[in-house]
Structure formats: structure tokens, C-alpha cells
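Please read this briefing alongside the sequence and the model.

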Amino acid sequence: MRDYSKVSGSFWTGRTGKNIRRDMETQIVAMYLMTCSHANMIGVFFLPIGYITIDTGLTHEGASKGLARLSEEGFCTYDDDSEMVFVHEMAKFQIGESLKPTDNRVKDIRKQYDALSETRIKSAFFDKYLHAFSLISPEESSSPFEAPSKPGAETGAGTEKNKTMVRSSASRFEEFWMLWPKSPRKVAKASCEKKWRAKKLDGIADRIMEHLKAISKTKQWLDGFDPAPSTYLSQGRWGDEIFEGAAQGSSNTKPWFISNSGIEAKAVELGITKLPDEQFPYFKVRVYKEAGVTKEDVRKANQDFDARK
């Protein structure tokens, strides 16, 4: 939660400020996006419309109209599915026009960026600030799958050594991919491997493999309700509960994000600590945000699970 934020007085005389004059709802939403406690320095954050209505007193319709108008003006982008907002110029005003790759703040920006779920919001931030904030380090800018031509190019020894190192670093993902049962949903291998590396899942690979072996034998999976590998990795589904008897097909799994114990376990995994006097619903929202779980994910999971009881 931020204690303060920078808001330029030129907002009111700039293009957006001028265009939304006499539109009080949109003005309130714009100021809320720049100053609310849910925001961060990169301007990409979880913001259900309900947050706006509670904090500003606007109606749901008024808040929605304000967001839509600001999106039309190019002030922000709002993704209804993930309930994430991207305030386009916020990072520039909170951080600066650009940073040197050696600036300590670059590491914090990358950390916040890497934690974002894979949505159009994340892509938009990347496109706008890739070079300004060095979102890709020099080591990452060259493909990890291409062995360098130097040194050892003359004899081929260096190339072979590097190929061996690449295979070794990718071995746990390959094990995961081979273990995943054949299914029409088993697609996007390259994207899945990118998520695996970004989340540094080699460290908990054994846990993931054990969970995958168990969950793939449940009635849910055998009946064709298996998730896509990409979804499994994005949502951290290895934290899902597997009920007793599930392996024999007599029961089913309960996604971690629709049980209190699952949410608490995921919080520990993500390094999130419940704040003093923090009510569980607010704690849950923070865990959902970090894990990339959307309101629609929760609704569908509850609906599916209730139908299978």
C-alpha cells in the first residue's frame, strides 16, 4: 500500500484533463487511479470496479462509465476479465522518463512486471516501457536456446558444452511436459516453458510432478475436465487440494483459490503475510492478485465444483 503518489498539476491542462471537463464521474475515476492505495509505481494493478465504488461513492455504472471514457481517451487500459488496470503514463510520472539498466529501481520494476499474469495489460506495459526500464536484461536478450559461436567454435567443443548446459537447465520442464497426459489442451509448449522459467519452478519441480501424477488420475481429468498446461502453470494449480479417494475416481479436486486453507497455503508459497487486523476477504484479494486469479476463475471453479458434488 502506498503512502503517497505524485500527481502533476498539468493533468488538468493536458489533453485528457481538457477532454473530460464537465464530466465529474470521469474526473473522479482519473484522480482515483492516480492516488488510490491499490496503485503501484508502474501503474499496473488489480482494481475491481467495486473498489472504486466503495472508496469514491460512485455508483457501479458511474465508475464503469468513467473507466470506459478514460480508456477511450488513451489514459488507461482496463481488462474486465482480470480486473487489472494499466494507467499509461503513471510509471513515467512516478519513476521517470527512463532509467539506466544499472539503476537499482530497474530490479524492482522487473519484479513487479514478472509477477503480472499473462494478459493484454502486461503486453501493453511491455510494449510501452521495454526500453525505458530495461524490462529484458542483456542476458535474456539473446535466446537461451542458441549456443554462442564463441569460444570453441573452431573445434565445436564450446558449442557442444553450451548445448549440454541448455538441455540441463530445461530438463525439469521437459520432464513436466512429458508427464502431462496427452490431451487436446496440451498446447503452447514454448509459452509454458517461458512461464516455467519465469516462475523458477525447478525449485519445486518434485512437488509439481507428484501433484500432476495424482491429479491426472482423478475423475475430473479422466472425464475430460483437465486444464491446459498453461493454465495450470499460470494459476499455480499444484496447490489444488486432492480429496481422499480422488485417485480412484470417487471424488474430485478443489482448486486452491476456493478454499481458505488453499488460499493460506498459496500465500505462504508466494511470501504473502496476513497483515494485523486484516480481514480475510481483503487478504484473499491480495493473494488472488499475486497469483493471477480472476473473479471469473473463482466463479467458474465454484460452479464446476458444486456441479460435481
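This is a predicted model, and its protein chain averages a pLDDT of 79, with 81% of the residues scoring at least 70. Confidence in the protein chain is highest in helix α2 (residues 24-35), at a mean of 95, and lowest in helix α9 (residues 157-169), at 44.

**Overall make-up**

- The protein chain has 17 helices and 5 strands, and buried residues account for 40% of its 309 residues.
- When contacts between residues at least 6 apart in sequence are considered, 59% of those in the protein chain join residues at least 24 apart.
- The accessible surface of the protein chain comes to about 17,700 Å², and 53% of that surface belongs to carbon and sulfur atoms.

**Nonpolar cores**

- In soluble globular proteins, nonpolar side chains tend to be buried together.
- In this model the largest nonpolar core has 42 residues, and those with the most contacts inside it are L33, F45, L47, F75, F125 and F133.
- Helix α2 gives the most to this core, with 5 residues.
- Leaving aside neighbours within four places in sequence, L47 is in contact with Y32, L33, C36, H38, I52, Y78, E83 and V85.
- Another core, of 16 residues, lies apart from the largest one, and its members include F173, W177, I208 and W221.

- W177 is placed in helix α10 (residues 171-179), and it counts as buried because its relative accessibility is 10%, under the 20% limit for a buried residue.
- Not counting residues up to four places away in sequence, W177 touches K186, V187, A188, K189, C192 and P229.
- The C-alpha atoms of W177 and M209 are separated by 10.0 Å, although these residues are 32 residues apart along the chain.

**The two faces of helix α12**

- In helix α12 (residues 205-215), the buried residues are A205, I208, M209, H211, L212 and I215.
- These residues cover an arc of only 165 degrees around the axis, and therefore they lie on the same side of α12.
- The exposed residues D206 and E210 are carried on the face of α12 turned away from its buried side.

**T16 in helix α1**

- T16 lies in helix α1 (residues 15-19), and it is classed as buried because its relative accessible area is 10%, which is under the 20% cut-off.
- Apart from neighbours within four places in sequence, the residues in contact with T16 are F11, L70, E73 and F75; F75 is also among the residues with the most contacts inside the largest nonpolar core.

**Cysteines**

- C36 is buried, with a relative accessible area of 5%, and C36 is also one of the contacts of L47.
- C76 counts as buried as well, at 1% relative accessibility.
- With a disulfide taken as a pair of cysteine sulfur atoms within 2.5 Å, the count for this model comes to 0 disulfides.

Note on methods: Residues are numbered from 1 along each chain as its sequence is written. This is a predicted model: local features need pLDDT of at least 70, side-chain atom pairs count only at pLDDT 80 or more; totals for chains, interfaces and linings use all residues. Side-chain values use heavy atoms; hydrogens and water are left out. pLDDT is the predictor's confidence in each residue, from 0 to 100. Helices (H or I, at least four residues) and strands (E, at least two) are DSSP runs, numbered from the N terminus. Buried means under 20% relative accessible area, exposed over 50%, partly exposed in between (1.4 Å probe, protein chains only). Contact means heavy atoms within 4.5 Å. The arc is that of the directions from the helix axis to the C-beta atoms. Accessible areas come from the Shrake-Rupley method with a 1.4 Å probe; for residues, only the protein chains shown count as cover. A nonpolar core is a set of buried Ala, Val, Leu, Ile, Met, Phe, Trp, Tyr and Cys residues joined through side-chain atoms within 4.5 Å.
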